[in-house]
Amino acid sequence: LNRRVHFDMKFPREVSFIQKAVAPSPVMPQIEASPSDTSASSSPEAPALPEKYYDLLITKATTLINQGKLNQSEETLQTIIASFSDDSRAYYYLGVVKEKQGDLLSAEKAYQKAIELDPQQVATYLALATLYYDQKEFSKSLEILSRAERLAPQNGLILFHQGRAHQGLQQDEIAAPRFLRAALVEPSMFAPAHYHAGQSFKRIGLYEDAADAFSAILENTPD
């Protein structure tokens, strides 16, 4: 069953919007047959979980992430994947767990798998792009963000991260307009977007534009 679940678009790496935690349940790993034993008498796999438990386990896994119980969350997600191997959301949250654990290669693979299973989820592209940005792989980040932009051209978070990646590549003349556009389409990002736009304008010598960007923050900050 391929579930196309709409993630939180503004905060793709936070899971605080998930319901309350549920009681832990034991992990049921699959038991694989030996490569040399392909007969009908080979070791059976663990029974697949009924679909009615899916939402319960996803809720449990994301709650555990919010509680910082990453190992327990990973076990729960692996339980889900064992029974629902084409579920993009489980792989997305597995990427979140692996990234928080510092296993960036596994996080990358999990996000990539989530995109493969459901290429329409903007949040997963944002998570992978941010992972690349944090590793200073700015070109990779931009490539992923461009794919996300095709899905959601008016998403302010995509535009903002594009600006940051262009800054990383010292392409401030491209970065500044991205930030200003991000502020336009996503008012909640007005201050950080104008701040980074001002920084880019300053680096390329457009001091009046930089001053305007910084002044805009002060003018729109409540007393």
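Predicted model: local features only at pLDDT ≥ 70, side-chain atom pairs only at ≥ 80, totals over all residues.
Read from the N terminus, the elements simply go α-α-α-α-α-α-α-α-α-α. There are 223 residues in the chain, and 44% of them count as buried. As for contacts with a separation of 6 or more, 57% come from residues 24 or more positions apart.

**The core**

- In soluble globular proteins, nonpolar side chains tend to be buried together.
- Here, the largest nonpolar core takes in 50 residues.
- Leu-77, Ile-80, Tyr-92, Tyr-93, Tyr-111, Leu-128 and Ile-158 are the ones with the most contacts inside that core.
- The biggest giver to this core is helix α5 (residues 122-134), with nine residues.

**Helices α8 and α9**

- Two packed helices are described by the angle between their axes and the distance between the axes.
- For helix α8 (residues 172-185) and helix α9 (residues 190-203), the axes come within 8 Å and the crossing angle is roughly 160°.
- Angles over 145 degrees count as roughly antiparallel, so that's the label for α8 and α9.
- The crossing of α8 past α9 is left-handed.
- On the α8 side, the contact is made by Asp-172, Ala-175, Ala-176, Phe-179, Leu-180 and Ala-183; the α9 side includes Phe-190, His-194, Ala-197 and Phe-201.
- Sorted by class, the contact of α8 with α9 has nine nonpolar, three polar and two charged residues.

**Helices α9 and α10**

- Next along, the axes of α9 and helix α10 (residues 207-219) come within 8 Å and cross at roughly 165°.
- That angle makes α9 and α10 roughly antiparallel.
- Their crossing is left-handed.
- Among the α9 residues in this contact are Phe-190, His-194, Ala-197 and Phe-201, while α10 brings Tyr-207, Asp-209, Ala-210, Ala-213, Phe-214, Ala-216 and Ile-217.
- By class, you get 11 nonpolar, three polar and two charged residues where α9 meets α10.

**A loop residue to look up: Leu-169**

- You'll find Leu-169 in the loop between α7 (156-168) and α8.
- Leu-169 has 31% relative accessibility, so it counts as partly exposed.
- Leaving aside residues up to four places away in sequence, Leu-169 touches Phe-138, Ser-139 and Leu-142.
- Ser-139 sits 30 residues from Leu-169 along the chain, yet their C-alpha atoms are separated by 7.8 Å.

Note on methods
Residues numbered from 1 in each chain as written. Heavy atoms only, no water. Axes fitted to C-alpha atoms, helices over the stretch in contact; angles between N-to-C directions. Helix = DSSP H or I, 4+ residues; strand = E, 2+ residues; numbered from the N terminus. Parallel < 35°, antiparallel > 145°, perpendicular 65-115°, else oblique. Left-handed = near helix turned anticlockwise from the far one by under 90°. Contact = heavy atoms within 4.5 Å. Nonpolar A, V, L, I, M, F, W, Y, C, P; charged D, E, K, R; others polar. Core = buried A, V, L, I, M, F, W, Y, C linked by side-chain atoms within 4.5 Å. Buried < 20%, exposed > 50% of the residue type's maximum accessible area, 1.4 Å probe, protein only.
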